[in-house]
Amino acid sequence: MSSKLTIADRTFNSRLIIGSARFPNPDTMGRAIEASGAEMVTVAIRRVNLKNKEQDQENILNYINREEYFLLPNTAGCFTAKDAVLTAQLAREALETNWVKLEVIGDDDTLFPDVPELLKAAEQLLADDFIVLPYCNDDPVTCRKLSDMGCAAVMPLGAPIGSGMGIRNPYNLQIIREQIAVPLIVDAGVGTASDAARAMELGADGVLMNSAISQAKHPVKMARAMKLAIEAGRLAWEAGRMPRRLYAKASSPIEGVIETSPDD
Amino acid sequence: MKITVNGETHTFESGMTVQDLLDVLDYGSQNGGLAVAVNDEVIKQQQWPSYALSGKDRVEIIHATQGG
């Protein structure tokens, strides 16, 4: 059994954090979340629909039991520190939690973070007693700044949100792992099970994913695959892998090999 | 008074409280998961019955939905 995941004052058995978006239907979402083993589920904060209550983006509390899962609100859709900070404050009020997945986006096509605004928002939220889990790019300098200022974790992307491209820069993630002590959660871009295992083998403390599960042909099956992949990757990391070599090193002993009579 | 609620302009009686506004919009009896900001400041649920809105106020009423 591998160790538990501790972030701030909470401990989790699961190292998989799951998003609640882009599922084909609420039933599949519920079953996928259960199959994934996740204990923490991210949600977004959006305006209620005042014109047409039936067409309202539904209140996620109708579908996810807060007794069973810890809900982590995000600030998705925010492009400025001001928007992100207010969104986080509204989330705190609506969900009675001071935990926030902080997203401050700089570009509509890549959804990469706006780093200066992200740092500004993180500072303000930390001063307002939030537990901040910032989504960021795979830049060791940004991660260090976020860690130093007091964020409870850093959450560098594997690849752009929803891209399914996997771990695009394993070397940066390795550097981030070596340089920062706070929990490292690879957040965004994971596409299939081996991506999640890879992230854990690089030393990540957890993986946050949404589309990888919700957009799979069989989300519940993929959720189970991800659960296993993250467990396997974590065990492999804790087991301490063998070193890599450029040349071969025979596995079988050299001594005692038979000889046959030479050809004439 | 004219106020903006979730980006749309509405005309209401002055002195209307946040709770009155939620009632009028049919969100008054929503149990949990709702939050309100007026002019970029969160108004806590305990204050809804007493916080009076003024003309040109910008109100945001939100809840948690699906998200990654």
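Which residues does A:Arg177 touch, not counting residues up to four places away in sequence? I looked this up and found A:Val182, A:Leu184, A:Leu202, A:Gly203, A:Asp205 and A:Trp237, with contact taken as heavy atoms within 4.5 Å.

**Ground rules.** I am working on a predicted model, in which local features need pLDDT of at least 70 and side-chain atom pairs count only at pLDDT 80 or more, while totals for chains, interfaces and linings use all residues. Residues are numbered from 1 along each chain as its sequence is written, chains are lettered from A and ligands numbered from 1 in the order in which they are written, and side-chain values use heavy atoms, with hydrogens and water left out.

**A:Arg177.** I placed A:Arg177 in helix α5 (residues 170-179) of chain A; helices (H or I, at least four residues) and strands (E, at least two) are DSSP runs, numbered from the N terminus. A:Arg177 is buried, at a relative accessible area of 15% (buried means under 20%, exposed over 50%, partly exposed in between; 1.4 Å probe, protein chains only). Its side chain reaches the backbone oxygen of A:Ile180 at 3.3 Å.

**Interface of A and B.** I found 33 residues of chain A in contact with 30 residues of chain B. The two chains bury about 2600 Å² between them, 57% of it on carbon and sulfur atoms; this is the accessible area (1.4 Å probe) that two parts lose on being put together, summed over both. On the chain A side, A:Arg47, A:Leu50 and A:Glu93 lose the most area to chain B, together 26% of what that side buries.

I counted three salt bridges between the chains (a side-chain nitrogen of Lys or Arg within 4 Å of a carboxyl oxygen of Asp or Glu). A:Arg47 forms a salt bridge with B:Glu60, with the closest N and O atoms 2.7 Å apart. From chain A, β4 (40-47) and α2 (81-95) each supply at least two residues of the side that touches chain B. The largest share, seven residues, comes from α2(A).

I then checked the strands, which pair if DSSP finds at least two bridges between them. Five bridges join β4(A) to β5 (residues 58-66) of chain B, and the two run antiparallel. A:Ile45 stands opposite B:Ala64 in β5(B).

**Sheet in chain A.** I noted an open sheet of three strands in the order β6-β7-β8, with parallel pairing. β6 (99-102) and β8 (155-156) stand at the edges with a single partner strand each, so one side of each is left without a neighbour in the sheet. Four bridges join β6(A) to β7 (residues 131-136). The bridge partner of A:Trp99 in β7(A) is A:Ile131.

Note on methods: A polar contact is a pair of N or O atoms within 3.5 Å; within protein, one must be able to donate a hydrogen and the other to accept it, and residues adjacent in sequence count only if both atoms are side-chain atoms.
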